[in-house]
Amino acid sequence: MKNFDYDLKREIILQVFAFSFFRYLVFFLQFLILLKMFKIDSFGINIITSVALYFFVTSLIPMHSSVEAAIRTAVAIVVFSNSGVDNSILALVSVLLWTLN
């Protein structure tokens, strides 16, 4: 068995974390912009934490591409259940975000 000895420099690790954070920030802002397009104007702490939780939960669930949009919609409906956002808007936003990216 081979011993895998990777020499990862601190600079490269920081770059990977920076790119990962930027990617998450872009998805986060896209979700908020899509909500704004559908006239959701109350961007309180409840909506912001729900968006963060939505991305966290969807990253944990293994998905096959044929049912990914449906699973993302279901997760959005469950996560945003206490936020007062209509389920049809959540379905549209989650599918649009998935389609665009």
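In the predicted model, Phe-21 is exposed, its relative accessible area being 55%. This residue belongs to helix 1. Phe-21 is also a member of a nonpolar surface patch, together with Phe-22, Leu-25, Val-26, Leu-29, Ile-33 and Met-37.

The volume of the largest pocket is about 330 Å³. Two or more lining residues come from each of helix 1 (10-37), helix 2 (45-60), helix 3 (68-79) and helix 4 (87-100). The greatest contribution to this lining is that of helix 2, which supplies five residues. In total, 15 residues line the largest pocket. Those nearest the pocket centre are Arg-23, Phe-27, Phe-55, Thr-58 and Arg-72. Sorted by class, the lining consists of seven nonpolar, five polar and three charged residues.

Arg-72, one of the residues nearest the centre of the largest pocket, also takes part in a salt bridge with Glu-68. The closest N and O atoms of the pair are 3.1 Å apart. A search of the whole structure returns one salt bridge. Both Arg-72 and Glu-68 are located in helix 3, with a spacing of four residues, or about one turn of the helix. The relative accessibility of Arg-72 is 18%, so Arg-72 counts as buried. Glu-68 likewise counts as buried, because its relative accessibility is 16%.

Ala-69 is buried, with a relative accessible area of 19%. Along the chain, Ala-69 and Ser-94 are 25 residues apart, and their C-alpha atoms are separated by 7.4 Å. Asp-7 is found in the segment before helix 1. With a relative accessible area of 64%, Asp-7 is exposed.

Two residues of the loop between helix 1 and helix 2 were examined, namely Phe-38 and Lys-39. Phe-38 is partly exposed, at a relative accessible area of 26%. This value lies between the limits of 20% and 50%, so the intermediate class applies. Phe-38 and Leu-92 are 54 residues apart in sequence, and the distance between them in space is 9.2 Å, C-alpha to C-alpha. Lys-39 has a relative accessible area of 66% and is therefore exposed. The phi angle of Lys-39 is near 65°, which is a positive value in a residue other than glycine. Most residues other than glycine have a negative phi.

Definitions and conventions. Residues numbered from 1 in each chain as written. Predicted model: local features only at pLDDT ≥ 70, side-chain atom pairs only at ≥ 80, totals over all residues. Heavy atoms only, no water. 1 Å grid on protein atoms, 1.4 Å probe; cavity = no way out; pocket = protein on both sides within 12 Å on 5 of 7 lines; lining within 4 Å. Points joined across faces, edges and corners; volume = space filled by probe spheres on them. Nonpolar A, V, L, I, M, F, W, Y, C, P; charged D, E, K, R; others polar. Patch = residues over 30% accessible without salt bridge, like charges linked within 9 Å, V, L, I, M, F, W, Y side chains within 5 Å. Areas by Shrake-Rupley, 256 points an atom, 1.4 Å probe, with all protein chains shown as cover. Salt bridge = Lys/Arg side-chain N within 4 Å of Asp/Glu carboxyl O. Buried < 20%, exposed > 50% of the residue type's maximum accessible area, 1.4 Å probe, protein only.
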